[in-house]
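Here are some questions and answers for a reader who is new to this structure. Each answer sets a value against the definition behind it.

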Amino acid sequence: MKVLFTKTAIVLVGLGTMMSSCSKRQQSDKTGITYNDKKTGGYQKFRQTHPTPGPGLIPIEGGTFVMGGSADQDVTYDYNNVRRRVTVPSFYMDETEVANQDWLDYLHWINVTYPQDHELYYDALPDTLVWRNALAYNEPYVDNYLRHPAYQDYPVVGVTWDQAQDYCVWRTDRVNENILRERGNLVSWNDLSGGGKGKKGQTATTGTTSQPFNTDIYLNGQFKGTGIDGKKNAARSKP
């Protein structure tokens with residue numbers, strides 16, 4: 001009984017300390033004035049946030065290293081490389097390779113969004129003929145590797161540099177669009193698909209041209225209009 005009472009008291013004290021620390025407003029370290037309080041003349045201080053990796057990404061810590069002129073690289077001792085220190089900033093990288101299923105999502109979006117633009121869809125298709133080899137029978141991979149469910153988690157192959165760049169732009173726009181719609185800055189997916197007040201098939205308009213969400217256009221304040229802005233959309237300062 002005594003042990004139970006002691007544990008209960010410790011828990012209550014911890015909860016009280018936590019609640020008191022949460023209710024205490026943050027003050028300036030130099031003046032002691034309370035932030036975000038008009039009565040004391042304090043000004044607004046924004047809450048500190050840290051960027052988080054997007055879906056499927058992991059953080060890679062940056063660093064510095066010496067490039068050129070090392071003994072293990074200059075085996076002929078020509079000393080024709082200038083040694084210099086190179087700094088690589090921190091960045092995010094996919095935890096795994098882009099899989100066939102990920103690329104099929106990309107192709108499906110193009111097909112649904114631009115059903116009449118067959119050239120755009122064709123340009124995004126990977127070159128499955130890379131599997132062909134004169135000394136090997138790889139025709140099953142040519143026909144089935146991209147779309148067969150057995151290979152959906154395998155890395156996509158036959159993608160050019162330009163195709164990879166277009167995929168990265170598309171993926172950035174889709175991630176940002178999803179975040180903004182879930183936060184209420186844009187019309188929700190339910191309203192956009194006709195489940196709410198929005199009209200079915202409604203797309204954002206920039207001027208007189210209808211087009212899907214684009215990150216640069218949104219940051220420029222051009223992605224707006226009836227059925228586009230959400231309830232929590234911030235007021236734009238740009239004209």
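Q: Why are helix 2 and helix 5 called roughly perpendicular to each other?
A: The axes of helix 2 (residues 100–113) and helix 5 (residues 161–183) cross at roughly 75° and come within 11 Å. Axes are lines fitted to C-alpha atoms, for helices over the stretch in contact, with angles from 0 to 180 degrees between N-to-C directions. Angles of 65 to 115 degrees count as roughly perpendicular, under 35 as roughly parallel, over 145 as roughly antiparallel and the rest as oblique. Helix 2 and helix 5 are therefore roughly perpendicular.

This is a predicted model, in which local features need pLDDT of at least 70 and side-chain atom pairs count only at pLDDT 80 or more, while totals for chains, interfaces and linings use all residues. Residues are numbered from 1 along each chain as its sequence is written, and side-chain values use heavy atoms, leaving out hydrogens and water.

Q: Which residues of helix 2 and helix 5 meet?
A: From helix 2 come Asp102, Trp103, Asp105, Tyr106 and Trp109, and they meet Gln163, Ala164, Asp166, Tyr167, Trp170 and Arg174 of helix 5. By class, this contact of helix 2 with helix 5 has six nonpolar, one polar and four charged residues. Contact means heavy atoms within 4.5 Å.

Q: What makes Glu177 count as buried?
A: Glu177, in helix 5, has a relative accessibility of 8%. Buried means under 20% relative accessible area, exposed over 50%, and partly exposed in between (1.4 Å probe, protein chains only). Glu177 therefore counts as buried. Not counting residues up to four places away in sequence, Glu177 touches Trp189 and Phe213.

Q: Why is Thr215 called buried?
A: Thr215 has a relative accessible area of 15%, so it is buried. Thr215 lies in helix 7 (residues 215–219). Leaving aside neighbours within four places in sequence, Thr215 is in contact with Thr172, Asp173 and Asn176.

Q: How many of the residues of the protein count as buried?
A: Of the 239 residues, 20% count as buried.

Q: What is the secondary structure of the protein?
A: The protein has seven helices and six strands. Helices (H or I, at least four residues) and strands (E, at least two) are DSSP runs, numbered from the N terminus. Along the sequence, the pattern reads α-β-β-β-β-α-α-α-α-α-β-β-α.

Definitions and conventions:
Ala, Val, Leu, Ile, Met, Phe, Trp, Tyr, Cys and Pro count as nonpolar, Asp, Glu, Lys and Arg as charged, and the others, Gly among them, as polar.
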